[in-house]
There are 2 protein chains.
Amino acid sequence: MGRWQPNAQQRLEEAAMELFGERGYDHTTVEEIAAQAGLTERTFFRYFKDKREVLFSRSKDLEKLMVDAVVGAPATAPPLHAVASALEATSALFEKRRAHARKRQALIVAHAELQERELIKLAGLASAVAESLCQRGVERAASSLIAEAGIAIFKSAFERWVRGGKHDLAHHIRAVLGELRLATAEIGARSMAPHPARRRPPKL
Amino acid sequence: MGRWQPNAQQRLEEAAMELFGERGYDHTTVEEIAAQAGLTERTFFRYFKDKREVLFSRSKDLEKLMVDAVVGAPATAPPLHAVASALEATSALFEKRRAHARKRQALIVAHAELQERELIKLAGLASAVAESLCQRGVERAASSLIAEAGIAIFKSAFERWVRGGKHDLAHHIRAVLGELRLATAEIGARSMAPHPARRRPPKL
């Protein structure tokens, strides 16, 4: 125990998932995770600030991947195109870990404290994406909207992908974006009207 | 101190905002808020589960207003139309409390623990809106997407409104929705392609 291991982080993550699955998230301690991985508690805290974080260690990789893709999108790409391409760019990353993603998602849905951490990570991702749109010359308010819309698309696509089926995440991202386009087009003219007429007829 | 007051909740909220403004959120205790309102700490905890919650007591009213508006929208209204109408229906509620909303927003932006609570409230709002779309017969995956898109629209519109200017929140909601429509239309055809061709030309 305790000797340096080059793949300590991954071993801790795998040990955590295994124990969360066997004993439940609430009944697993950091000490037990470390022991299962053949490492010490001290090593655990070198990689993760708390028990929750062991499920979120990849969120910085995801953020970097997305920011690089937004910044690297062709200069002529419209902002939402740049964000959609960035979302699709994450697909390969997730595809390799679908079984893991499904188990992880089940844990998050079942634990309020994990949902909380997930929401904060997604808000951080939205900020980072908005910032990278600003760097592309998009005005701040528009950047913020497109980034938030991107996260909404990602959340919906991810929910569908993680449930199963033959399609990859990129497919679901394109499908969700298509649905959003149709949904906004349906009420398009109305939303731009500066002096909208009465829009809600009486209930039948 | 301590005698029953019909408007205790509002007095506590006003006292809290006053003290947060004077001393800062971190340096204000529940005891001080109660004393400032001429009430006891026990009364405070009858209305709010913790210090944070004093800034979020209206979130259930907001949720009820939105859910009622979605459920009550004409049967023929497309889902995003129903949600947009519900968002606009909240405008009057906020308009009365713009100065308060601005102060509250500044506090939230400055404190991670308040951002956390805000994100959870918004996620709860998204779930409630998705649920009310399901009640209208919208399929679950589509409901979830439209609700998330609605929250993205709300967040962006709220940010713009709270910053100031002559327009009400409803105006910003319509403007943001219009921008989202244009943004999705720009990449429309692409997003529906089942076998997209190479979409990212090499960087210049």
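## A buried helix in chain B

The buried residues of helix H5 of chain B are Leu80(B), His81(B), Ala82(B), Val83(B), Ala84(B), Ser85(B), Ala86(B), Leu87(B) and Glu88(B). Buried means under 20% relative accessible area, exposed means over 50%, and partly exposed lies in between, with a 1.4 Å probe and protein chains only. Helix H5 of chain B covers residues 79-89, and because nine of its 11 residues are buried, this helix is largely enclosed by the rest of the structure. Helices are DSSP runs of H or I with at least four residues, strands are runs of E with at least two, and both are numbered from the N terminus.

## Model and confidence

This is a predicted model, in which local features need pLDDT of at least 70 and side-chain atom pairs count only at pLDDT 80 or more, while totals for chains, interfaces and linings use all residues. Residues are numbered from 1 along each chain as its sequence is written, chains are lettered from A and ligands numbered from 1 in the order in which they are written, and side-chain values use heavy atoms, with hydrogens and water left out.

The model has an ipTM of 0.85 and a pTM of 0.86. For chain A the mean pLDDT (the predictor's confidence in each residue, from 0 to 100) is 89, and 89% of the residues reach 70 or more. Residues 191-204 of chain A have pLDDT below 50, and this stretch has 19 contacts in the model beyond near neighbours in sequence. A contact means heavy atoms within 4.5 Å. Where pLDDT is low, predicted coordinates should not be read in detail.

## Individual residues

In chain A, His111(A) sits in the loop between helix H7 (98-110) and helix H8 (112-135). His111(A) counts as buried because its relative accessibility is 13%. Leaving aside residues up to four places away in sequence, His111(A) touches Tyr25(A) and Asp26(A).

Glu31(A) belongs to helix H2 (residues 30-36) of chain A and is exposed, with a relative accessible area of 54%. Its C-alpha atom is 9.9 Å from that of Lys51(A), 20 residues apart along the chain.

Cys134(A) is buried at a relative accessible area of 18%, and Cys134(B) counts as buried at 18% relative accessibility. Over all chains there are zero disulfides (pairs of cysteine sulfur atoms within 2.5 Å).

## The cavity

The structure contains one cavity of 30 Å³ or more. On a 1 Å grid over the protein atoms alone, a cavity is a set of points where a 1.4 Å probe fits but cannot get out; a pocket is an open set with protein on both sides within 12 Å along at least five of seven lines; lining residues have an atom within 4 Å of a point.

The largest cavity holds about 220 Å³ of space. It is lined by 16 residues, of which Glu148(A), Lys155(A), Glu148(B), Ile151(B) and Lys155(B) are the closest to its centre. Helices H8 and H9 (140-163) of chain A and helices H8 (112-135) and H9 (140-163) of chain B each give two or more residues to this lining. By class, the lining of the largest cavity has 12 nonpolar, no polar and four charged residues. Ala, Val, Leu, Ile, Met, Phe, Trp, Tyr, Cys and Pro count as nonpolar, Asp, Glu, Lys and Arg as charged, and the others, Gly among them, as polar.

Definitions and conventions. Grid points are joined across faces, edges and corners, and a volume is the space filled by probe spheres set on the points.
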